[in-house]
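I opened this one up to see how the chain is put together. My notes are below, in the order I looked things up.

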Amino acid sequence: VGTSRCAGRSDASGGEVADSRVTPTVIGVGLGNGQILTPGIYCTNAASTLNGNLTLDAQGVLNAIFILKIDGALSTGIVSNVVLLNQAASCNVYWQINGALILGGNSAFAGTALVAGAITLNTGAVLFGRGLSTTGAISTSANAVTLSLCGPPTIGCAADLGVSCAG
């Protein structure tokens, strides 16, 4: 078990890691490049990057839950992907990002991202899930956002559409 925000135990609501005995696993800040994660709670203790493919493998477990806590910003490289395998579903993937989220061009990202900063989807980036910002603008550029692979709604965003909240 690591230190900082990853220390201690966490509960998840629903699914296969809904057990207060699940201890978060501390992982490095360089995500992807063929990395495979199984259901559970994962933490980084600093800002992180995702390059290449990060595979979330549910191992055939229906409703398996993945929780990834990033203690800083998260940026994905160009053509980076979060790959869902063996019944993993974007509606059961949760990202808690303590900073900005930047999706590189033509990358594919899956899950619900709870972001304490701005969210930027660069040209061609695809989000299978939701991006929710507590303190920043959400910027898009010719992107597709599929609200959930567990449901049908899809939204197409025009090029250079900016969404921000004031007040």
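**Whole chain.** I kept in mind that this is a predicted model. I looked up the secondary structure and got 18 strands and zero helices. Next I checked burial: 41% of the 167 residues count as buried.

**Strand β12.** I picked β12, residues 108-115, and asked how many of its residues are buried. Seven of the eight are, so I wrote the strand down as mostly covered. Then I went through its partners. Strand β10 (residues 93-97) runs parallel to β12, and four bridges join them. In that pairing I found Q96 opposite L114 of β12. With β14 (residues 126-133), β12 also pairs in the parallel sense, this time over eight bridges. There I found V115 opposite S133 of β14.

**S80.** Buried or exposed, I wondered about this loop serine? S80 sits in the loop between β8 (74-76) and β9 (81-85). I put S80 down as buried because its relative accessibility is 1%, and the cut-off for buried is under 20%. I then looked at what its side chain reaches, and found the backbone oxygen of L50 at 3.2 Å. Leaving out residues up to four places away in sequence, S80 touches L50, N51, G52, S107 and A108. A108 took me back to β12, which spans residues 108-115.

Notes
Residues numbered from 1 in each chain as written. Predicted model: local features only at pLDDT ≥ 70, side-chain atom pairs only at ≥ 80, totals over all residues. Heavy atoms only, no water. Buried < 20%, exposed > 50% of the residue type's maximum accessible area, 1.4 Å probe, protein only. Helix = DSSP H or I, 4+ residues; strand = E, 2+ residues; numbered from the N terminus. Pairing = 2+ DSSP bridges. Polar contact = N/O pair within 3.5 Å; in protein donor to acceptor, adjacent residues only side chain to side chain. Contact = heavy atoms within 4.5 Å.
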